[in-house]
Amino acid sequence: MSIHKLLSTASLIMTVSLITGCTSPSFPKLGVSGEEMSGLSSSSTDSANSASVTDSSISDQASTQTTMVSGQAANGASQDASSDSGEYLNSGEASTGATYNTEAASEATTETTTVKKDPYGGGNEPVPDGDLQLVFIGDSQFDRWRNSSTSISELVGEEMNALHYNLGVGGTCAAIERTQTGNSTTEGNNDYEEANFTAICHMLKRDLNTDDYPISLDEEYETVLYSIQPEKVDYYIIEYGYNDYYMGLDIYNEEDPYDEHTYYGALNLGIKMLKEISPNAHFIICTPCYCRFYNGSGKDMGDAYNVSKGQGSLAYYADFALRLADNTGAKKLDAISGTTFNLNSYTYKEYLEDNVHLSYKGRVVYAKALRRIILDDMGIYDSANEGDVNSMLSIADY
């Protein structure tokens, strides 16, 4: 599927009511202030059946990572039907054989949404400018169902009366392949082959133009991207992992925790760049979702905990996402262990529309989980009426 089907028009919030009717400030010239990140964890013990977090430290190697910016090619990746379901997290279209949910169709709307100013009484949002501003960056879990009012970014943004920008790109990874060197700010060129996480961060930082990108990005993408004022972003919500796992990309480099040829390092480097341009923003790191794998004959090959594509199970990648959240002070949404919401081996057919991508109700529950993380972080979560913020959500309630 094409990466050109990007970025939700419902997430595009401009000063004029181009799409959603929501207001959005124009893009200013940015000043960059450096914010050095703390040292990061050492490699975890290899447990494919655990997505737990262990704290450890690694000496800061920021000096060695400043030139390491690259892009990873997922283009044309073949689906290995003999080893798993062949589901590659790509564009916002429904997967083959998946039909639009009846619930989603009934809820979809083209009506405009008016963003309420000062949505939570002022002072509670990280950047108190009167609008809660959310930027979603990830793969097709964020990219899918855009323009239907049922994508994750739309569900969260509209329920919270927030300005929401969807920079999800289907089929992309956080990390890059080692055949690529990535962005070179000194030479002014790059060899990114997809809009992976660090490439998007460079675009937001404005040291990589969409015109420099080898594969042309569509006008909608550029409009959304350049309407974001990074200094006013309250939350970056980041979700990657399935495609890194599917492509068998490296997870971690003990010598360089900012190595964007690794899953952990790419997320780490990208967040470092975003902190430079959005010093007041908060971060939420989301793990890949629990899923199951089937071969071409429909045989169940296992799940996110016991099927490997060469570097470990999907749960092993998720473990490093949780470690990074702890090491960078980010909030985290654990979507793989069944503790945030009850997506597991018994309920996955309710949560997933194709064994990998979230169904409409799955997206609703996922959005509810993000909403309460944000409200809790802002100090205004109503636990008396909504229950313990750490209680498990259930799809049966929605």
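The buried residues of helix α4 are I152, S153, E154, L155, V156 and G157, where buried means under 20% relative accessible area, exposed over 50% and partly exposed in between, with a 1.4 Å probe and protein chains only. Helices (H or I, at least four residues) and strands (E, at least two) are DSSP runs, numbered from the N terminus. This is a predicted model, in which local features need pLDDT of at least 70 and side-chain atom pairs count only at pLDDT 80 or more, while totals for chains, interfaces and linings use all residues. Residues are numbered from 1 along each chain as its sequence is written, and side-chain values use heavy atoms, with hydrogens and water left out.

Helix α4 is mostly covered, with six of its eight residues buried. These buried residues pack against β1 (133-138), α3 (140-143), β2 (163-166) and α11. Just after α4, N161 has a positive phi of about 55°.

The pairing of α4 (residues 152-159) with α11 (residues 360-377) can be described by axes 9 Å apart and an angle of about 45°. Axes are lines fitted to C-alpha atoms, for helices over the stretch in contact, and angles run from 0 to 180 degrees between N-to-C directions. The angle makes α4 oblique to α11; angles under 35 degrees count as roughly parallel, over 145 as roughly antiparallel, 65 to 115 as roughly perpendicular and the rest as oblique. On the α4 side, the contact is made by I152, L155, V156 and E159, and on the α11 side by R363, V364, Y366, A367, K368, L370, R371 and I374. Contact here means heavy atoms within 4.5 Å. By class, this contact of α4 with α11 has eight nonpolar, no polar and four charged residues. Ala, Val, Leu, Ile, Met, Phe, Trp, Tyr, Cys and Pro count as nonpolar, Asp, Glu, Lys and Arg as charged, and the others, Gly among them, as polar.

Helix α8 takes part in two further pairings. The axes of α8 (residues 263-277) and α9 (residues 314-328) come within 9 Å and cross at roughly 30°, which makes α8 roughly parallel to α9. Residues Y263, Y264, L267, N268, I271 and K275 of α8 make this contact with Y317, F320, A321, R323, L324, N327 and T328 of α9. Sorted by class, the contact of α8 with α9 contains eight nonpolar, three polar and two charged residues.

The axes of α5 (residues 197-205) and α8 also come within 9 Å, crossing at roughly 10°. Helices α5 and α8 are therefore roughly parallel to each other. From α5, F197, T198, C201, H202, L204 and K205 meet A266, L267, L269, G270, I271, M273, L274, E276 and I277 in α8. The contact of α5 with α8 divides into ten nonpolar, three polar and two charged residues.

Residue I395 lies in the segment after α12 (383-386). At 5% relative accessibility, I395 counts as buried. Leaving aside neighbours within four places in sequence, I395 is in contact with N342, E350, Y351, K361, G362 and V365. The C-alpha atoms of I395 and V364 are separated by 8.5 Å, although the two residues are 31 apart along the chain.

For the protein as a whole, the secondary structure comes to twelve helices and nine strands. Buried residues make up 58% of its 398 residues. Among contacts between residues at least 6 apart in sequence, 74% join residues at least 24 apart.
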